[in-house]
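Could you walk me through how to read a few features of this structure? I'd like the general idea first, then the case at hand.

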Amino acid sequence: QHWSSCAHSLYINQFTKLPTTLFQLSRLRVLYLQNNFLSARLVGAVPASIGNLDAVTDLSFSANNLSYLTDTIGQCTALEQLSLYINQFTKLPTTLFQLSRLRVLYLQNNFLSGRLSESIGNLTSLTSLSIGSNNFSGPLPASLGDLTSLQILSAPHNNFNGTVPETLSQLRHLRSLNLNFNHFSGELPSRLFTSNWTSLMALSVHANELSGTIPSSLFSLPNLNQ
């Protein structure tokens, strides 16, 4: 009867193995498994049976030793918040970008490398995206501009390069943008600091390779305080 509940919180323990029946709970809405030792007996992977949890809305595997995210995560179609920070993930399955209800995605402090997929723009319900302290490289995808509900974009301590995409100016609800410690170059596009960014309160772009003139429109943003 205990396993029939809609929420399970098992975090901050020393679990190394999960019962298979856990992933048969069709009514499960919330599952917190952060701060355990999930790795060796799971072969470092989020189990494929996670796809059975098609009603789960809030899922956390953060602060474990996981290195592989199964593509069956795409079957968790009700998912709204996914926390995978502080693990050893090196790549993301393409099915992750099919989760159209996802509002919060925490991927910071992993070993994700290469380019951030343009498919990130499919996650149009996102309000918070955190991908800092990874090894992402190449330009930020222009498709980030399609995330028109986004309020927080945090991508510091990566190897992103090129110019900051002008499409970010489309994020009219953006409150915080952190691009510190990357390799962005060139000028900050003046188009960024348009009337669309009236909600922006925090902008951090230090420790990059930006050059040129700081757009004067930056100082006209009504809520910018840092």
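**Reading the model, step by step**

A: Helices (H or I, at least four residues) and strands (E, at least two) are DSSP runs, numbered from the N terminus. Keep in mind that this is a predicted model, where local features need pLDDT of at least 70, side-chain atom pairs count only at pLDDT 80 or more, and totals for chains, interfaces and linings use all residues. Residues are numbered from 1 along each chain as its sequence is written, and side-chain values use heavy atoms, with hydrogens and water left out.

Q: Is Ile 120 buried or exposed?

A: Buried means under 20% relative accessible area, exposed means over 50%, and partly exposed is in between (1.4 Å probe, protein chains only). Ile 120 has a relative accessible area of 1%, so it counts as buried.

Q: Which residues does Ile 120 touch?

A: A contact means heavy atoms within 4.5 Å. Leaving out residues up to four places away in sequence, Ile 120 touches Phe 97, Leu 129, Pro 141, Ser 143, Leu 144 and Leu 147. Take Ser 143: it is 23 residues from Ile 120 along the chain, yet their C-alpha atoms are separated by 6.9 Å.

Q: How many salt bridges does the structure hold?

A: A salt bridge is a side-chain nitrogen of Lys or Arg within 4 Å of a carboxyl oxygen of Asp or Glu. The structure holds 2 of them. One joins the side chains of Glu 80 and Arg 103, at 3.4 Å from N to O. Glu 80 lies in the loop between strand E5 (68-69) and strand E6 (81-83), and Arg 103 in the loop between E6 and strand E7 (104-106), so the pair ties together parts 23 residues apart in sequence. Glu 80 is partly exposed at 29% relative accessibility, and Arg 103 is partly exposed at 34%.

Q: What about Arg 191 and Glu 166: how far apart are their closest N and O atoms?

A: They are 3.3 Å apart, in a salt bridge. Arg 191 is partly exposed at 43% relative accessibility, and Glu 166 is partly exposed at 38%.

Q: Which way do E12 and E14 run, parallel or antiparallel?

A: Two strands pair if DSSP finds at least two bridges between them. E12 and E14 run parallel, joined by 2 bridges, and Gly 162 stands opposite Phe 184 in E14. E14 also pairs in the parallel sense with strand E16 (residues 209-210), over 2 bridges; here Gly 186 stands opposite Leu 210 in E16.
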